[in-house]
Amino acid sequence: MDGNVDDPSVWKRMGVDPTKPSIARVYDAILGGKDNFAVDRAVAAKRLELIPDGGQGARLSRAFLARGVRHLAECGVTQFLDIGSGLPTAQNTHQVAQSLLPEARVVYVDYDPIVLTHARALLADNPYTKVVGGDVREPEKLLEVPEVEGFLDWRQPIGLLMVGLVHHLNDSEDPAGLVRTYLDRLPAGSFLLLSHFCNATPEARELEKAIQQTLGTGRMRGREEIEGFFDGLELQDPGVVPVVRWHPEEPVPEPPTASTLLVFGGLGRKG
Ligand SMILES: C[S@@+](CC[C@H](N)C(=O)[O-])C[C@H]1O[C@@H](n2cnc3c(N)ncnc32)[C@H](O)[C@@H]1O
């Protein structure tokens, strides 16, 4: 994708500013996708310079999402609210869930206009999946959108997915309070699947500075602070761990590296 189109008003009409990096497009660039501009690729290059892993950290996080959704579908969860869903790529939530439960309902939420355009195109013919434009920082507004409130059955367990999202909330935005607001609305038997950048390595701490400078957001938090997002839930085995160690389906690479320690995640159940 090229931001230097002859008519920049095309992007403007979509609500896209090709001169400013966006989280979703930077992530896409790290994963080797094509839906990004030069400004996004510059941030991705800085990330890959600090942790030269060819994007392994992002791929591990994405694989955690797929394993988590599969696990929840196997536990009988038939509906998912995926906030900060990102640009569609391989193993999207609805594909994983509906491969096991063809009528599993999925609502994707993101605030990035390019994410919404791509997701809507991909899902035009899928009656069990909705795409909603919304900001996680506005829970009351988001939870009242008909595609969220009316499409999901709020009397049955819901899998709330916040994968790679909460680290984009700065401390001043009260991320723990926001997560709690969503959890309070979920019926008993629901789950929270969450992954988050961790400050476990010096490389991660350098990366925090770089993404704050370029994106204005991005917090590396410690394992205990990440565990705090699951307060009040029954934290499922193996707890909050590097995502590569969460129910791995392949041998875990040893020794741990800045890449395999970059993202921690876990699953909690609301009793
Ligand atoms: C790193 S991507 C993660 C995508 C996907 N969940 C995954 O794990 O592959 C983070 C996504 O969160 C979205 N996002 C960031 N802040 C958000 C906010 N305040 N409200 C809604 N979406 C947000 C970004 O647009 C981006 O698509």
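Visitor: How many residues of domain 1 and of domain 2 are in contact?
Guide: Contact here has a cut-off: two residues are in contact if their C-beta atoms, placed from the backbone, lie within 7 Å. By that rule, the count for domain 1 is 18 residues and the count for domain 2 is 19 residues.

Visitor: Which helix supplies the largest share of the side of domain 1 that touches domain 2?
Guide: Helices (H or I, at least four residues) and strands (E, at least two) are DSSP runs, numbered from the N terminus. On this side of domain 1, α2 and α3 each supply at least two residues. The largest share is six residues, and it comes from α2.

Visitor: How do the residues of that side of domain 1 divide by class?
Guide: Ala, Val, Leu, Ile, Met, Phe, Trp, Tyr, Cys and Pro count as nonpolar, Asp, Glu, Lys and Arg as charged, and the others, Gly among them, as polar. The side of domain 1 that touches domain 2 divides into ten nonpolar, three polar and five charged residues.

Visitor: What should I know about the model and its numbering?
Guide: This is a predicted model, where local features need pLDDT of at least 70, side-chain atom pairs count only at pLDDT 80 or more, and totals for chains, interfaces and linings use all residues. Residues are numbered along each chain as its sequence is written, starting from 1.

Visitor: What distance separates the centres of the two domains?
Guide: The chain is divided into domain 1 (9-50) and domain 2 (56-269). These bounds come from an automatic or database domain assignment. Taken over C-alpha atoms, the centres are separated by 20 Å.

Visitor: Which residues of α2 are buried?
Guide: A residue is buried if 20 or more other C-beta atoms lie within 10 Å of its own, exposed if 12 or fewer, and partly exposed in between, with C-beta atoms placed from the backbone. Eight of the eight residues of α2 are buried. They are I23, A24, R25, V26, Y27, D28, A29 and I30.

Visitor: Which elements do those buried residues of α2 pack against?
Guide: Start at the end of the helix: just after α2, G32 takes a positive phi of about 85°. The buried residues of α2 itself pack against α3 (38-50), α4, β2 (105-110), α6 (113-123) and α10 (202-215).

Visitor: Which residues are closest to the ligand?
Guide: A residue is near a molecule or strand if its C-beta atom, placed from the backbone, lies within 6 Å of it. The ligand is surrounded by 20 residues. The closest are A24, G84, G86, D112 and G164.

Visitor: Which helices each supply at least two residues of that shell?
Guide: Domain 1 and domain 2 each give at least three residues to the shell around the ligand. By class, the shell has nine nonpolar, six polar and five charged residues. The helices with at least two residues each are α2 (23-30) and α4 (56-74).

Visitor: What is omega at the cis peptide bond of E254 and P255?
Guide: P255 is found in the loop between β7 and β8 (263-269). The cis peptide bond joins E254 and P255 with an omega of about -5°.

Visitor: Is H247 buried, exposed or partly exposed?
Guide: H247 lies in the loop between β7 and β8. Phi of H247 is positive, near 45°, and H247 is not a glycine. H247 has 15 other C-beta atoms within 10 Å, so this residue is partly exposed.
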